[in-house]
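Let's take a friendly walk through part of this protein. Have a look at the structure first, and then we will follow a few strands together.

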Amino acid sequence: MQFTLVVYGAPHGSQGAATALRFARAVLASGHRIYRVFFYGDGIHNGSALAAPPQDEQDLLGQWQALQQEHQLDLTVCIAAAQRRGVLSESEASRLEKPAANLAEGFELAGLGQLAEAAALSDRTVTFGG
């Protein structure tokens with residue numbers, strides 16, 4: 001079975017992102033596939049390279065990146081939501097004449113069309129947070 005995950009929850013503002021990460025691991029461990037993880041709304045903060053949680057808290061960014069590298073996951077951040085919240089890739093920072101980029105390695109910006117495509121090509125679309 002192929003899944004698309006949509007993460008609405010900020011990394012430390014709700015349990016949505018942590019639950020999505022645990023679900024993703026369980027899906028992959030069960031032999032299923034993840035077509036795309038799409039971060040939307042406040043969920044885009046999961047892709048910020050500037051996150052620096054205290055040592056006694058879960059490093060969700062690092063865990064998403066490790067999972068992405070291990071399974072070649074498509075971690076996609078909604079470009080419109082990211083721009084509104086100040087999470088930018090190098091090219092977007094340059095285009096918008098901003099002084100710096102902060103989209104974490106392993107994440108990419110994309111539009112809602114990629115979410116629609118992922119939902120159409122997946123057996124299940126599961127949302128987390130909100």
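This is a predicted model: local features need pLDDT of at least 70, side-chain atom pairs count only at pLDDT 80 or more; totals for chains, interfaces and linings use all residues.

Strand β2 (residues 33–39) runs parallel to β3, and three bridges join them. Strands pair if DSSP finds at least two bridges between them, and strands (E, at least two residues) and helices (H or I, at least four residues) are DSSP runs numbered from the N terminus.

Residues are numbered from 1 along each chain as its sequence is written, and side-chain values use heavy atoms, leaving out hydrogens and water.

On its other pairing, β3 meets strand β4 (residues 107–110) in the parallel sense, over four bridges. Here are two facing pairs:

| Residue in β3 | Residue opposite |
|---|---|
| V77 | F39 |

What covers the picture of β3 (residues 75–78)? Both faces are covered: L75 and V77 on one side, T76 and C78 on the other, are all buried (under 20% relative accessible area; over 50% is exposed, and in between is partly exposed, with a 1.4 Å probe and protein chains only). In a regular strand the side chains alternate between the two faces of the sheet.

Finally, L96 sits in the loop between α4 (90–95) and β4. L96 is partly exposed, at 31% relative accessible area.
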